[in-house]
Amino acid sequence: LRARRKKDNLSVVIKRFAAGSGPRDVSESTLRSYICLCSSVRHPRFANYVDMFISFNSRHPGTASRQNRTQPAVLTLIMERYETNLESYFEHRLKLQNPITSPEIVSYVTQILNFLHYLHSDLHTIHRNIKMSNCL
């Protein structure tokens, strides 16, 4: 979901992650880890964290006022939105029939590896979804 922050017109992306056991859900411990990671990453190759909050879903209609910690948590993460990523940049270059040079590829790969090294060495974590559309 895309949005704009009112106070400064910042373009943001809103992502929601549900805790649970469904095919698209993640565990609550994974949500907690993600919260810690996103709020601590400070790197030019990582989308800037803006805000986040956790809410608790109710499985039964009419019980929202009786929410408690036994219900599945939903993490809403708000991050700065970037207009482009490596995948769209490569597609654009392909449409223009402007080939990507070897030095450019080396530069992109080096930047990605530097970010992964930062995650591993400084934050002691791994990125579980490495793909060109996630590279800023």
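Mentor: A nonpolar core is a set of buried Ala, Val, Leu, Ile, Met, Phe, Trp, Tyr and Cys residues joined through side-chain atoms within 4.5 Å. Keep in mind that this is a predicted model. In the largest such core, which has 16 residues, V41, F46 and F115 touch the most other members.

Trainee: Which elements give two or more residues to this core?
Mentor: They are helix 1 (28-40), strand 3 (49-56), strand 4 (73-80) and helix 3 (102-122), and strand 4 gives the most, with four residues.

Trainee: What makes E83 and R81 a salt bridge?
Mentor: The definition asks for a side-chain nitrogen of Lys or Arg within 4 Å of a carboxyl oxygen of Asp or Glu, and since the closest N and O atoms of E83 and R81 are 3.0 Å apart, the pair is called a salt bridge.

Trainee: Why is R81 called buried?
Mentor: Buried means under 20% relative accessible area, and R81 has 18%, so R81 counts as buried. E83, by contrast, has 60%, and because exposed means over 50%, E83 is called exposed.

Trainee: What do the side chains of E104 and R93 form?
Mentor: They meet in a salt bridge at 2.8 Å, N to O. E104 lies in helix 3 and R93 in helix 2 (residues 86-95), so the pair ties together parts that are 11 residues apart in sequence. R93, at 7% relative accessibility, counts as buried, whereas E104, at 21%, is partly exposed.

Definitions and conventions. Residues numbered from 1 in each chain as written. Predicted model: local features only at pLDDT ≥ 70, side-chain atom pairs only at ≥ 80, totals over all residues. Heavy atoms only, no water. Buried < 20%, exposed > 50% of the residue type's maximum accessible area, 1.4 Å probe, protein only.
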